Amino acid sequence: MLIAYLSLTGNVRRFVEKTQMNSLEINYNAPCEEVHEPFIVIVPSYDDNITDIVSSFVSFKANLNYLIGFVGSGNLNFDNEFCFNAKDLAKKFNKPLLYTFEFSGTEKDVIDFKKEVNQFASAGTK
Ligand SMILES: Cc1cc2nc3c(=O)[nH]c(=O)nc-3n(C[C@H](O)[C@H](O)[C@H](O)COP(=O)(O)O)c2cc1C
């Protein structure tokens, strides 16, 4: 399972490092990169631009065929808008929102996230 992620100020990047999983950082200015294996996408929340950039990545070539779902990083102070980009993307591409966490996540977030993702990884190999 590959983790594709976008990170503007480093929180998501730090979370991904803690998972020690295979990863690919989406380039904010050049998001179109091809993947060849099942992947999830972790996105921070800022504005609609984030949804557009990640949509470009997900829609590039055959990437969508490998997309498992989305994970959001945000700040609970944003209340109803918490992780709205990940939620919007999940709706737009009709894929599950697998997990949400604040900032770069806690140790518990890393464990719970991995449990969630592993369910999908093993389901995919059955
Ligand atoms: C200008 C600005 C707008 C933000 N808007 C939201 C938001 O609407 N919803 C949310 O949950 N978090 C929001 N955040 C919090 C970030 O999504 C959060 O800090 C995230 O962990 C950043 O990830 P990154 O450091 O990898 O870019 C905002 C942060 C900033 C600085």
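These legends walk through a few close-up views of a predicted model. Local features need pLDDT of at least 70 and side-chain atom pairs count only at pLDDT 80 or more, while totals for chains, interfaces and linings use all residues. Residues are numbered from 1 along each chain as its sequence is written, and side-chain values use heavy atoms, with hydrogens and water left out.

View A. Buried means under 20% relative accessible area, exposed over 50%, and partly exposed in between (1.4 Å probe, protein chains only). Strands (E, at least two residues) and helices (H or I, at least four) are DSSP runs, numbered from the N terminus.

**View B. Strand 4 and its pairing with strands 3 and 5.** Strand 3 (residues 39-44) pairs with strand 4 in the parallel sense over six bridges; pairing requires at least two DSSP bridges between two strands. Strand 5 (residues 97-102) also runs parallel to strand 4, joined by five bridges. Look for Ser 73 in strand 4: it stands opposite Pro 44, and its bridge partner in strand 5 is Phe 101.

**View C. The β-α-β crossovers.** Strand 3, helix 2 (residues 48-59) and strand 4 form a right-handed unit. From strand 4, the chain crosses through helix 3 (residues 84-93) to strand 5, again right-handed. Right-handed means that, with the strands pointing away from the viewer, the path from the first strand over the helix to the second runs clockwise.

**View D. The loop residue Tyr 28.** Tyr 28 lies in the loop between strand 2 (23-25) and strand 3. Its relative accessibility is 33%, so Tyr 28 counts as partly exposed.
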